[in-house]
Structures are given as structure tokens and as C-alpha cells.
Amino acid sequence: MSKVRGQNKGGTKPQQPVGFLGEVMLKNGRELGEDSTFGTAMVEMGESLRQLSEVKDVFNLNVRQNFLDPLDHLKNKDLKEINHHRKKLQGRRLD
């Protein structure tokens, strides 16, 4: 149940719901066997969902590293420095 709720016991990262569904479909499709058409379809769909989960994780990491982190750095560091210099310049104008 902790997998379904997204809770994590170990040090690994939480899994996407799509990846969890893919694992369940792979497991249960293999239990049905290769003779079953439904079992074969479940294995193929489970593998596709697992691959989709991996691609989604890579995409999220890429967006975070290449867009969100630099934007956060701009907000936290650069804009504070600009405001500091603006206040300093304003103080000099008043003098």
C-alpha cells in the first residue's frame, strides 16, 4: 500500500504512478503466461508504461536542471544584487 500512496520506505526516489502500474502489469502478465493473449498484451503494455515512466523522469530532471534551477538562481542571487545596487544608486542621487 505504501507504493500506491507514494510513500517511500528506503532511500530510493518515489516512483511515478505510471511506472508502478507498468510493474504491476508486467508481473501479472507474466503470471498469466505467454499462452494467454491477455497476458502477452499486459506484458507489452507494462513494458511501454515502464519506458514512459523512465522518459518522464528524465524529462523532469532535464527541465529542473536546465530551466527551473537557473531561474531560481536568477531570482535568489541576481535580482537581490540588482536591487541592492539600485538602492545604493538611489542613495547617492539623494546626497
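Reader: How many helices and strands does the chain have?
Author: The model is a predicted one. Read along the sequence, its elements follow the pattern α-α-α. The count is therefore 3 helices and 0 strands.

Reader: Which element has the lowest mean pLDDT, and which the highest?
Author: Over the chain, pLDDT averages 84, and 82% of the residues score at least 70. Where pLDDT is low, the predicted coordinates should not be read in detail. The lowest mean, 56, belongs to helix α1 (residues 2-5), and the highest, 92, to helix α2 (residues 17-32).

Reader: What percentage of the residues in the chain is buried?
Author: A residue counts as buried when its relative accessible area is under 20%. The chain has 95 residues and exposes about 8,100 Å², of which carbon and sulfur atoms supply 57%. The buried share of the residues is 13%.

Reader: Is Ser53 buried or exposed?
Author: Ser53 is found in helix α3. Its relative accessible area is 6%, and the limit for a buried residue is under 20%. Ser53 is therefore buried.

Reader: How many salt bridges does a search of the whole structure find?
Author: Side chains of opposite charge can pair when their charged atoms come close. Another is Glu54 and Arg50, whose closest N and O atoms are 2.4 Å apart. The search finds 2.

Reader: Why are Glu47 and Arg50 separated by about one helical turn, and in which helix do they lie?
Author: The two residues are separated by about one turn because they are 3 residues apart in a helix. Glu54 and Arg50, being 4 residues apart, are likewise separated by about one helical turn. The helix that holds Glu47 and Arg50 is α3 (residues 37-94).

Reader: What is the relative accessibility of Glu54?
Author: The partners in the network can be taken in turn. Glu47 counts as partly exposed at 25%, and Arg50 is partly exposed at 27%. Glu54 also counts as partly exposed, and its relative accessibility is 42%.

Reader: Which residues form a nonpolar patch on the surface?
Author: Leu74, one of the members, lies in helix α3. Residues of a patch must have over 30% relative accessible area, and Leu74, at 38%, counts as partly exposed. Together the members have about 530 Å² of accessible area, and they are Phe67, Leu68, Leu71, Leu74, Leu79 and Ile82.

Reader: Where is Gly33 found?
Author: Gly33 counts as partly exposed, at 23% relative accessibility. Not counting residues up to four places away in sequence, Gly33 touches Gly39 and Thr40. Its C-alpha atom is separated by 9.5 Å from that of Val43, 10 residues apart along the chain. Gly33 is found in the loop between α2 and α3.

Reader: Which residues are in contact with Thr40, leaving aside its neighbours within four places in sequence?
Author: Thr40 is found in helix α3 and is partly exposed, with a relative accessible area of 32%. The C-alpha atoms of Thr40 and Arg30, 10 residues apart along the chain, are separated by 7.7 Å. With the neighbours within four places left aside, the residues in contact with Thr40 are Gly33 and Glu34.

Reader: Which residue has its backbone oxygen reached by the side chain of Thr40?
Author: A polar contact requires N or O atoms within 3.5 Å. The side chain of Thr40 reaches a backbone oxygen at 3.0 Å, and that oxygen belongs to Ser36.

Note on methods:
Residues are numbered from 1 along each chain as its sequence is written. This is a predicted model: local features need pLDDT of at least 70, side-chain atom pairs count only at pLDDT 80 or more; totals for chains, interfaces and linings use all residues. Side-chain values use heavy atoms; hydrogens and water are left out. A salt bridge is a side-chain nitrogen of Lys or Arg within 4 Å of a carboxyl oxygen of Asp or Glu. Buried means under 20% relative accessible area, exposed over 50%, partly exposed in between (1.4 Å probe, protein chains only). Patches are made of residues with over 30% relative accessible area and no salt bridge: like charges are joined within 9 Å, nonpolar side chains (Val, Leu, Ile, Met, Phe, Trp, Tyr) within 5 Å. Accessible areas come from the Shrake-Rupley method with a 1.4 Å probe; for residues, only the protein chains shown count as cover. pLDDT is the predictor's confidence in each residue, from 0 to 100. Contact means heavy atoms within 4.5 Å. A polar contact is a pair of N or O atoms within 3.5 Å; within protein, one must be able to donate a hydrogen and the other to accept it, and residues adjacent in sequence count only if both atoms are side-chain atoms.
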